[in-house]
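Colleague: I would like to go through the terms used for this model. Please set each value against its definition.

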Amino acid sequence: MYDTWFDSNSNKIELLQVFAKIKKYIQDGGKIYVGTDSMLFSTKCIYATAICIHNADMKIANYFFARVSDYSEKSKSLQHKITQEVKYSIEVALLILEEFPTADIEIHADIGTSKRSATSKFVEFIRGWILGSGFTYKVKPHSWASSSVADWHTK
């Protein structure tokens with residue numbers, strides 16, 4: 001999975017430090033949002049996953065992110081990219097859940113529900129996968145952790 005994590009200022013941060021910050025938010029009744037996005041370049045696909053945290057009154061927010069590059073030809077397939085994005089989000093959410101079993105985690109999938117969206121055909125599959133993994137979810141236009149925060153770090 002991801003070896004290197006960064007804070008919102010792009011400073012390297014240990015995963016244990018991320019967990020320490022998450023712990024405070026959970027104790028304060030905060031929610032955790034996990035989302036992944038990808039960007040296809042000519043020789044690679046970059047995936048970025050964001051862990052976003054808000055306290056209960058949504059006045060204090062923070063996020064952390066990690067990136068991975070995939071040089072395989074598979075990433076040129078939309079289905080592969082979307083399933084990889086969701087896979088990374090679920091893996092990170094499960095990692096957080098191992099450390100914090102009572103955490104309220106919502107996964108944001110970068111897929112659209114509009115019939116014009118190329119990703120709309122994956123909505124039911126992705127919905128079932130995320131719900132079956134034990135998490136709530138959001139898709140576009142409400143999936144800001146993936147479509148805004150993670151997207152920013154794919155470039």
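Modeller: Start with the elements: helices (H or I, at least four residues) and strands (E, at least two) are DSSP runs, numbered from the N terminus. Asp37 falls in strand β3, residues 31-40. This is a predicted model, where local features need pLDDT of at least 70, side-chain atom pairs count only at pLDDT 80 or more, and totals for chains, interfaces and linings use all residues. Residues are numbered from 1 along each chain as its sequence is written, and side-chain values use heavy atoms, with hydrogens and water left out.

Colleague: What is Asp37 in contact with, leaving aside neighbours within four places in sequence?

Modeller: Contact means heavy atoms within 4.5 Å. The partners include Tyr47, Glu85, Asp110, Ser146 and Thr154.

Colleague: And the whole chain: how many helices and strands?

Modeller: The chain has 4 helices and 7 strands.

Colleague: Why is the chain called as compact as a globular protein of that length?

Modeller: The radius of gyration, taken over C-alpha atoms, is set against the globule rule: 2.2 Å times the number of residues to the power 0.38. The chain's value is 15 Å, close to the 15 Å that the rule gives for 155 residues, so the description holds. Buried residues make up 46% of the 155.

How values were computed: Buried < 20%, exposed > 50% of the residue type's maximum accessible area, 1.4 Å probe, protein only.
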